[in-house]
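I opened a new page to note what I looked up, one topic at a time. The entries follow the order in which I checked things.

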Amino acid sequence: MKLEQRIQLEKIFGPEQVLTAVEDMVAYSYDASHAEVQPEAVVFATTTEQVSELMRFAYREGIPVTPRGQGSGLSGGSVPIKRGIVLAMDRMNRVLDFDPANRLITVEAGLTTAAIDPIVAAANLFYPPDPGSVTFSTIGGNVAENAGGLRGLKYGVTKDYVKMMKVVLPQGDIVILGNKCVKHVAGFNMEGIFVGSEGLLGIMTEVTLALLPIPAHRESALAIFNSLDDAARSVAAIIAAGVTPSTMEFIDRATINAIQDFKDCGLPRDAEAVLLLETDGEKHSAEAEMARVEIEVAANQARSFVRAKSAEERDRLFAGRRVALNALARVRPNLILEDATVMRSKLPEMVRGISSIARRHGLQVGIFGHAGDGNLHPTFLLDMRDPDEMARTELAVTELFQLAIDLEGTISGEHGVGVEKKPFLERQIGSAGIALLQNIKKTFDPLNLLNPGKMFDMPVESAV
Ligand SMILES: Cc1cc2nc3c(=O)[nH]c(=O)nc-3n(C[C@H](O)[C@H](O)[C@H](O)COP(=O)(O)OP(=O)(O)OC[C@H]3O[C@@H](n4cnc5c(N)ncnc54)[C@H](O)[C@@H]3O)c2cc1C
């Protein structure tokens with residue numbers, strides 16, 4: 001970055017909020033995926049006006065800008081692959097308004113997701129989307145990726161809770177999108193287009209989110225299976241029986257053992273798969289739903305069904321699921337985690353397909369994920385220094401995406417396209433679909449300066 005440009009950035013943000021040293025650029029060169037590129041500068045925003053000034057500056061100078069929450073993304077979304085400036089949003093982390101009467105909270109986009117619940121619990125409210133990364137990811141990152149979580153089956157995903165947002169558009173204009181009313185149809189559903197926009201269309205600085213009353217009671221249990229197929233079939237059977245558990249997480253044997261090696265969470269090492277289940281609501285209805293779940297898993301050959309008898313037992317089981325990725329990360333030098341998703345009725349086919357792909361290519365795979373949403377995380381465990389194993393994994397990943405598409409599913413349920421799934425998007429949405437996305441991007445960002453190189457390529461004439 002030129003000295004005059006750094007001086008301009010320091011004028012906007014203050015000298016302490018601008019980094020250019022190599023060691024700092026390394027720290028902001030990656031997220032939780034495998035993409036890695038160093039920026040030329042990192043700036044820390046504390047106000048919407050600073051973000052607006054930054055974008056005006058970037059447009060004048062032709063410099064790419066990549067917004068970043070906490071860099072926990074799993075598809076390379078906050079990696080500055082065309083270099084330029086990383087805009088760190090995590091210092092915009094204030095709660096601006098809590099409105100219990102309307103069950104709304106307005107926060108700055110850099111607030112950590114888990115910071116919301118302790119504030120709203122006093123009014124017996126909670127914020128339902130709970131990604132595994134809830135204690136470190138930001139609301140801005142959650143909205144940009146449409147993050148899901150363990151409670152997605154019953155409570156939906158981030159898009160179901162976004163009411164209104166303040167956004168800085170790529171050329172620096174500040175707009176308010178959406179509304180706090182329950183009903184709002186004045187104009188296009190513009191806040192909707194920002195959910196899952198992966199930082200390509202504008203920078204969210206404030207977000208108003210809907211809240212729900214905390215359920216009075218929770219019932220938690222673990223269903224243990226000797227066959228992957230039986231566990232997968234149980235998922236569809238439970239839903240078909242009219243029960244909507246708040247959580248229905250799938251964990252296979254490889255993942256169970258990795259978790260137990262990492263931390264004893266009481267999971268059975270000899271099971272082929274377990275389902276971690278929770279029902280909630282009024283005590284009698286949560287209990288009745290769990291009783292029905294027990295009947296359905298028994299009908300699908302569950303080996304046993306263990307109910308958590310205390311909050312401590314429940315927390316121990318859930319801790320196991322939350323550390324699944326970290327635990328698998330210790331098994332081999334590297335992992336490649338995917339989130340191809342299918343309708344839950346197709347889960348048995350998907351699980352069989354994943355196992356068969358891994359077997360055919362001689363690869364180790366751990367499967368866990370949000371089974372109730374049909375959103376599994378097949379995780380290939382490998383050593384990326386081994387070119388042969390790497391090549392086999394790449395083939396397996398391609399086959400996995402194709403399998404999801406063939407089953408009418410999607411290449412990403414919640415991690416987004418970013419850098420790593422970019423080559424596969426056209427297979428899913430077709431060339432006309434890509435052209436539509438390109439045209440939308442061009443309308444917002446004619447010079448392609450905001451988070452360029454992600455999700456899809458732009459036609460050559462407007463690429464950076
Ligand atoms: C252990 C672990 C578990 C995870 N579990 C889940 C899970 O259960 N469900 C799930 O959905 N994801 C999960 N993730 C993925 C990740 O945490 C989510 O995608 C999360 O939403 C990213 O938030 P972040 O603040 O880290 O964003 P980043 O990774 O920093 O950024 C993600 C994207 O959002 C954009 N962005 C960030 N802030 C803004 C903003 N203010 N305005 C515009 N664009 C912005 C970035 O440019 C980037 O494209 C997990 C990740 C890890 C490491």
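Before starting, I noted that the domain bounds come from an automatic or database domain assignment. The model is predicted: local features need pLDDT of at least 70 and side-chain atom pairs count only at pLDDT 80 or more, while totals for chains, interfaces and linings use all residues. Residues are numbered from 1 along each chain as its sequence is written.

**Entry 1: domains.** I looked up the domain assignment of the protein chain, and it gives domain 1 (3-88), domain 2 (95-213), domain 3 (217-406) and domain 4 (422-462). I then checked one distance: the C-alpha centres of domain 1 and domain 2 lie 23 Å apart.

**Entry 2: the whole chain.** I counted helices and strands as DSSP runs, numbered from the N terminus (helices are H or I with at least four residues, strands are E with at least two). The protein chain has 15 helices and 18 strands. Its radius of gyration, taken over C-alpha atoms, is 22 Å, close to the 23 Å from the globule rule for 464 residues, so the chain is as compact as a globular protein of that length. That rule is 2.2 Å times the number of residues to the power 0.38. Along the principal axes, the C-alpha atoms of the protein chain fill a box of roughly 70 × 60 × 40 Å.

**Entry 3: the sheet with β1 to β4.** I call two strands paired if DSSP finds at least two bridges between them. Here 4 strands form an open sheet in the order β1-β2-β4-β3, and the pairing is mixed. β1 (18-19) and β3 stand at the edges with a single partner strand each, so one side of each is left without a neighbour in the sheet. β3 pairs with β4 (residues 85-88) in the parallel sense over 4 bridges. In that pair, I found R68 opposite A88 in β4. For contacts I used C-beta atoms, placed from the backbone, that lie within 7 Å. Angles run from 0 to 180 degrees between N-to-C directions, with axes as lines fitted to C-alpha atoms, for helices over the stretch in contact. Helix α1 (residues 3-13) packs on this sheet, where it touches β1 and β2 (41-44), and its direction makes about 10° with that of β2.

**Entry 4: the sheet with β5 to β10.** I found 5 strands in an open, antiparallel sheet, in the order β5-β6-β10-β8-β9. β5 (95-99) and β9 (174-178) are the edge strands, and each pairs on one side only. β5 and β6 (residues 104-108) pair in the antiparallel sense over 4 bridges. V95 stands opposite V107 in β6, and F98 stands opposite I105 in β6. The hairpin of β5 and β6 has 4 residues between the strands, and R103 takes a positive phi near 55° there.

**Entry 5: domain 1 against domain 2.** How many residues of domain 1 are in contact with domain 2? I noted 14 residues of domain 1 in contact with 19 residues of domain 2. On the domain 1 side, α3 (48-61) and β3 each supply at least two residues. α3 gives the most to that side, with 6 residues. I also noted that α3 lies across β8 (162-168), β9 and β10, running at about 50° to β8.

**Entry 6: the ligand.** Of the 36 residues around the ligand, G69, G77, G140, G141 and G199 come nearest. β3 (65-68), α5 (139-145) and β10 (203-210) each supply at least two residues of this shell. α5 gives the most, with 5 residues.

Note on methods. Near = placed C-beta within 6 Å. Contact = placed C-beta atoms within 7 Å.
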